[in-house]
Amino acid sequence: MLGSSRSFSKALLDWYTVHRRDLPWRLPIGSSVESTVHPDPYHVLVSEAMLQQTQVATVIPYFHRFLEKFATIEALATADEQDVLRLWQGLGYYSRARNLRKAAMVVVEQFGGKLPNTVDELLKLPGVGRYTAGAIASIAFGTKAPIVDGNVVRVICRIDKITDDPREKAIVDLLWTRAEQILPSARIGDFNSALMELGATVCTPRNPQCLVCSVQRHCEAVAAGVQETIPPVKKVKVNPLEERWTFLVRAEGKFLVEQRPSTGRWAGMWQFVTVPAQENAEPADAVSSATGLRVNGLNEVGYITHALTHRRYAFTVFSCSAKSVKPVDGRVWVTLEEVDRLPLSKPQLKALEIAHAVVKK
Ligand code: SF4
């Protein structure tokens with residue numbers, strides 16, 4: 001086992017200094033590698049929220065747009081939640097956006113607008129768990145705090161030749177212990193970033209590039225030729241499918257939309273009238289019973305699928321027309337241009353595209 005080898009951290013940090021990716025939430029390439037220089041903590045907070053469950057390449061344009069609109073933590077703390085959701089639109093996992101705004105409010109109210117630099121205090125912020133607290137503390141402040149994410153799990157398991165399933169509680173605990181033991185005495189943030197970067201770009205799940213890996217001589221898995229089998233592959237589980245009907249109800253050039261409840265999936269976002277698909281009912285009856293409107297010309301115009309970590313959704317999209325923009329409890333009639341400005345989930349963005357196509361016909 002590697003222990004807390006200094007030559008390991010030196011090799012990793014030397015590699016990172018030369019090969020790291022140039023990302024907007026990091027210090028520019030060529031910046032000082034002194035351990036007293038750190039990126040803006042607010043930028044680290046925003047990037048860490050966006051990077052959960054999301055690829056770096058997807059996050060970059062969102063990060064730029066978000067910072068353009070909310071340049072400071074104070075600006076985010078006073079933002080309207082709908083504006084924050086609108087900027088998050090398409091990134092998914094919208095509770096991250098709501099928590100990020102709430103975290104900004106706590107930082108302004110309880111920490112004088114400055115993010116705290118300890119893991120214990122960071123853990124008090126909404127949406128900040130052990131990984132994110134460690135990432136912000138180490139990357140934005142140089143605090144000696146470990147981090148364990150999917151990339152770090154893979155790298156440490158291979159370096160230490162841990163063949164057990166890293167999803168088991170005992171192995172999770174072991175990995176956090178190891179992540180702490182291998183921290184160097186300086187450049188903690190760079191070291192943690194380097195571990196993640198190595199996992200993302202060199203020590204990849206399949207075909208790790210061991211021949212060019214800067215820490216190859218420390219790696220027990222490659223010495224034993226078992227790197228491809230570590231960590232063991234997760235058994236594939238089929239997620240349950242939830243079927244929905246989405247209705248593009250149109251009258252007088254407007255469409256009927258509704259806001260989702262303030263808790264649960266896509267909380268507070270907007271959608272065209274959507275109901276659970278009903279096996280023994282006709283879609284026309286379902287939309288009438290949901291809205292109290294009599295609709296005509298109901299046509300199936302699209303089918304949208306959407307997969308989340310534990311669930312899959314399928315939306316059958318229907319277009320239909322109502323006689324007039326009669327008020328409907330809990331729903332509003334709006335133009336498609338107005339729908340464009342509302343925060344929408346990914347499937348509802350696709351429904352919006354279908355609505356635009358229906359109007360053009
Ligand atoms: Fe990963 Fe191979 Fe490097 Fe070991 S030598 S850390 S398996 S890339």
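**Figure 1. The shell around the ligand comprises 7 nonpolar, 2 polar and 1 charged residues.** Ala, Val, Leu, Ile, Met, Phe, Trp, Tyr, Cys and Pro count as nonpolar, Asp, Glu, Lys and Arg as charged, and the others, Gly among them, as polar. The model is predicted, with local features requiring pLDDT of at least 70 and side-chain atom pairs pLDDT 80 or more, whereas totals for chains, interfaces and linings use all residues. Residues are numbered from 1 along each chain as its sequence is written, and side-chain values use heavy atoms, without hydrogens and water. Surrounding the ligand (a heavy atom within 4 Å) are Arg-158, Ile-159, Cys-203, Pro-208, Cys-210, Cys-213, Gln-216, Cys-219, Val-222 and Gln-227.

**Figure 2. Helix 5 packs against helix 6.** The axes of helix 5 (residues 81–88) and helix 6 (residues 95–110) come within 9 Å and cross at roughly 135°. Axes are lines fitted to C-alpha atoms over the stretch in contact, with angles from 0 to 180 degrees between N-to-C directions. Helices are DSSP runs (H or I, at least four residues), as are strands (E, at least two), numbered from the N terminus.

**Figure 3. A cis peptide bond joins Ile-230 to Pro-231.** Omega of this bond is near -10°. Pro-231 belongs to the loop between helix 12 (220–224) and strand 1 (241–251).

**Figure 4. Gln-53, a residue other than glycine, has a positive phi.** The phi value is near 60°. Gln-53 is placed in the loop between helix 2 (41–51) and helix 3 (56–69).
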